[in-house]
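Below is a set of questions and answers on one protein chain. Please look at the sequence and the structure before reading on.

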Amino acid sequence: MGKAGKGALSALRSLRALRALRPLRLINKLPSLKIVINTLFRCIPDMGRALLFMFFMLFLFGLMSLALFKGALYTCSVSPYNYGLGTGTPATPPWFPLDYAGDYNVVNMDDLQTLDIMTFPISWNQMSPTQQASMQPVWNQTGCGPFGNDDVPTSRDICLCFADQNGTTWTGQVPQRFDNIFYAVGGLFEMTTMEGWTAVCLACIDSVGENMQGIINHNPIIMVYWWLYMIICAFFVTNLFIGVLCDSFSRETYGSMVTDEQIQWIKLQNKVLTMSPQQIFPRPKNKIRAYAFRLATFQYFEHFITLVILVNTACMAVQVFGQSQATMDALTTMNTVFSVIFTIEAVVKITTYGLVYFEENWNRFDFVIVTFTLVSFILQAFDIKVGSAGTVIRVFRVGRAMRLIKKAKIMKNLFDTLIVSLPAVGNVVSLLMLLYYIFAAVAVQLFAKVGFDNQMLDINQNFQTFATAFQTLIGFSTGENWDNFTWEVVNVAPATNPTCEDRPYSPGMCGFNNANASCIPLDGCGTVLIVPFMYFFFLVMGYIGINLFSGIVVDAIGDSSSDCPVNVNTLAEFSDRWVQFDPSGSGLITAEELADFLYTVYPPFGFKGVPGFTRRRVLIAIGELDIPIYDKIYVHFKDVPRALVQRVLAEGSKTKHEEITRVMEKLGINKQFDEMWFRTHGKKHQNTLSRREKGRAKEYSATIVIQRFIARVRLERERKRGLMERDGDDDDNDDEVGGGPVVPVGIVDEEKHGKKDMDMESLEPTDNMGGNTLAQAPPGTTEQQF
């Protein structure tokens with residue numbers, strides 16, 4: 001009754017672990033976390049189906065493993081695995097013939113079969129006299145038998161016959177077992193994480209049968225079974241689940257009713273976030289700054305800096321442990337030269353651009369690297385010892401290699417895209433940290449009193465304190481040796497606590513009071529509860545939590561379409577052309593300049609070379625973009641490429657364009673885009689636009705077209721009125737001469753041109769950009785595409 005009461009009380013105490021769930025209430029207070037959680041909840045049906053399929057496959061392989069390896073993955077504490085090594089219990093096999101005088105390191109299988117009746121059991125009648133003599137003390141004694149003279153015992157029977165006399169034990173070769181379907185499915189689940197599968201595979205290859213001692217390489221063909229299992233379950237099924245998770249999370253992020261095509265629209269829109277208005281700096285009037293400007297804008301200056309970065313990176317890569325003093329001196333000298341060059345580069349650019357230099361993030365990064373380099377030189381010059389801080393400062397030199405990112409267009413685009421996706425990554429990180437907190441708190445509540453075994457469960461890896469539990473679980477979520485740790489906790493049984501008593505609080509015990517150097521180590525026993533805890537932890541964190549990062553990154557950098565005309569090159573071309581109309585980098589140009597801009601840019605963004613596109617058609621196209629107009633005249637950089645991308649995606653269809661616009665507004669993508677663009681490009685643009693009056697491009701375009709139409713009509717009427725007055729004068733002269741009545745020229749002109757007057761196209765001036773006529777469109781280009 002007392003033990004039952006203690007068990008019930010211990011079970012009730014374990015319920016205290018549920019207190020660790022209280023931080024979940026924090027989710028309701030943080031909108032970003034709430035969004036991620038709600039998205040994951042919407043993914044549950046898809047994840048549930050994938051998990052069901054995954055565990056169904058594990059169940060099938062579990063049935064096969066149960067039939068093949070049930071009770072077969074065990075070994076005696078002294079066996080052919082350790083004969084002759086002296087590491088078994090006992091050191092030598094007690095069932096060998098009494099007259100055996102060898103070293104027990106028997107390699108020949110035929111000799112082993114003659115000597116080892118544990119590995120190759122036979123009946124009493126088949127034993128030789130010397131074998132019977134070795135078995136006589138235990139045969140049919142307590143713990144051994146009873147066996148008939150013709151009964152063939154198992155290896156387990158022979159091993160345990162010597163348990164009382166020699167301390168032999170029958171134990172598993174590996175923690176995983178296939179003795180029932182639950183053990184089988186659990187072990188297979190562990191192996192889907194790539195942990196311990198080779199040890200299980202080798203144990204199965206050695207397996208002989210139920211309760212039989214394994215023999216090395218007994219059945220090598222079993223390896224094919226485990227190859228198939230790893231390919232099907234560990235590679236295919238597991239990654240299928242991860243793929244479903246990532247795809248479902250990505251889809252639910254945009255909304256369950258959004259089609260694949262609409263998701264591609266949104267992804268392509270997000271690429272525009274990486275674009276920034278560039279700036280052209282005028283030549284300074286100051287002589288020193290003018291000279292610096294000439295050097296900074298020299299054609300080969302950036303090429304030279306890139307070459308220096310490459311050589312510097314190579315020098316850092318060739319360092320090896322134990323290098324000669326001459327090599328160290330040469331590398332130090334070269335590092336000094338590189339540092340001087342980078343310092344001169346920073347000085348030249350700061351002199352040229354002034355404080356504008358620090359408006360670009362990459363320039364700030366370069367300046368930080370140069371600053372740390374100069375600090376390291378100062379510390380060395382004055383022999384100032386700053387301990388580990390000095391090492392950190394030297395490590396910052398590696399940041400020079402990162403400058404190559406901005407030199408390569410493709411790398412920079414990927415890097416900028418990843419930067420744009422950081423808010424989503426931050427939301428997932430926040431959720432993961434909360435889950436780590438909860439799992440660590442639960443682990444401390446349940447397993448803090450488990451004693452150390454000084455193997456995997458030691459002072460650096462345990463659940464006695466929250467901090468240690470937190471970092472331990474982070475390590476296990478990567479899949480590193482988590483399964484072996486789990487089974488070690490299960491099997492912990494300290495000799496100082498043979499009854500596995502639940503230790504009450506004691507200030508003299510480690511864990512309760514670590515400040516006491518002479519504290520008594522905690523000696524609680526392990527518990528099988530660690531198995532479902534770690535299984536659930538790895539499923540949630542190892543499979544779902546960590547792989548959400550993959551989903552976010554793949555979703556961020558994935559191309560919207562392999563044949564999409566909008567790519568890195570077209571976006572870069574847009575920025576390069578925009579700076580010619582906005583050299584100050586303000587992001588604002590007039591709507592008239594936008595018309596000129598689109599008229600001089602090739603498709604897909606512009607209309608240069610497209611047959612039939614006059615300036616009036618371009619102006620109407622601007623109205624169809626429906627971008628904001630500020631102060632009734634300006635358009636901003638953040639709005640134009642996004643609207644042009646929508647136009648490209650619409651493929652000339654007004655219905656599809658309206659659908660894209662509606663989807664963007666319904667999902668709040670436009671609002672999110674504005675917020676993220678201002679966040680990544682600074683508040684300067686936001687403050688500038690907030691002070692301006694905002695209108696729509698449709699209104700502006702319609703106003704301009706109507707104004708031009710009216711002005712043209714008035715001009716035409718004045719011209720006709722002048723012609724009629726002149727014709728009237730001519731009629732008077734004819735009458736004086738005696739000529740007959742004539743029809744007024746103005747009436748003829750009106751009949752001839754009346755229809756044309758109502759044609760807006762006729763009211764446009766001849767299209768001429770700098771005296772050049774329109775170029776022919778590229779082959780295969782149609783007007784409808786634009």
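What follows is a dialogue on helix packing, annotated spans and some backbone details.

Reader: What kind of model is this, and how are its residues numbered?
Author: Side-chain values use heavy atoms, with hydrogens and water left out, and residues are numbered from 1 along each chain as its sequence is written. Local features need pLDDT of at least 70, side-chain atom pairs count only at pLDDT 80 or more, totals for chains, interfaces and linings use all residues, and the model is predicted.

Reader: How are helices H2 and H19 oriented to each other?
Author: Helices (H or I, at least four residues) and strands (E, at least two) are DSSP runs, numbered from the N terminus. Axes are lines fitted to C-alpha atoms, for helices over the stretch in contact, and angles run from 0 to 180 degrees between N-to-C directions. The axes of H2 (residues 31-69) and H19 (residues 422-447) come within 9 Å and cross at roughly 85 degrees. Angles under 35 degrees count as roughly parallel, over 145 as roughly antiparallel, 65 to 115 as roughly perpendicular and the rest as oblique, so H2 and H19 are roughly perpendicular.

Reader: How many charged residues are in the contact of H2 with H19?
Author: Contact means heavy atoms within 4.5 Å; here Ser32, Leu33, Val36, Ile37 and Leu40 of H2 meet Asn427, Val428, Ser430, Leu431 and Leu434 of H19. Ala, Val, Leu, Ile, Met, Phe, Trp, Tyr, Cys and Pro count as nonpolar, Asp, Glu, Lys and Arg as charged, and the others, Gly among them, as polar. By these classes the contact of H2 with H19 has seven nonpolar residues, three polar and, as charged residues, none.

Reader: Is the crossing of H2 and H7 left-handed or right-handed?
Author: H2 packs against H7 (residues 181-191) at an angle of about 120 degrees, with the axes 8 Å apart, and therefore H2 is oblique to H7. A crossing is left-handed if the near helix is turned anticlockwise from the far one by less than a right angle, and right-handed if clockwise. The crossing of H2 and H7 is right-handed.

Reader: How many nonpolar residues does the contact of H2 with H7 have?
Author: On the H2 side the residues include Met54, Phe55 and Leu58, and on the H7 side they include Ile181, Ala184 and Val185. The contact of H2 with H7 has two polar residues, no charged ones, and a nonpolar count of 12.

Reader: Where in H2 does the kink lie?
Author: The bend at a residue is the angle between axes fitted to the seven residues ending there and the seven starting there. In H2 a kink of about 45 degrees comes shortly before the proline Pro45, at Ile44.

Reader: How many nonpolar residues are in the contact of H19 with H20?
Author: The axes of H19 and H20 (residues 466-476) come within 9 Å and cross at roughly 120 degrees, which means that H19 is oblique to H20. Among the contact residues are Met433, Tyr436 and Tyr437 of H19 and Phe466, Ala469 and Phe470 of H20. The contact of H19 with H20 has no polar and no charged residues, and its nonpolar count is 12.

Reader: How far apart are the end C-alpha atoms of residues 50-69?
Author: UniProt positions are given in the numbering used here, feature names are shortened, and annotations may be inferred rather than shown by experiment. An unreviewed UniProt entry annotates residues 50-69 as one of its spans named "transmembrane region". Residues 50-69 are 100% helix and 0% strand, with end C-alpha atoms at a separation of 28 Å.

Reader: What is omega for the peptide bond from Thr89 to Pro90?
Author: Pro90 sits in the loop between strand S1 (74-76) and helix H3 (109-115). The bond from Thr89 to Pro90 is cis, with omega near 0 degrees.
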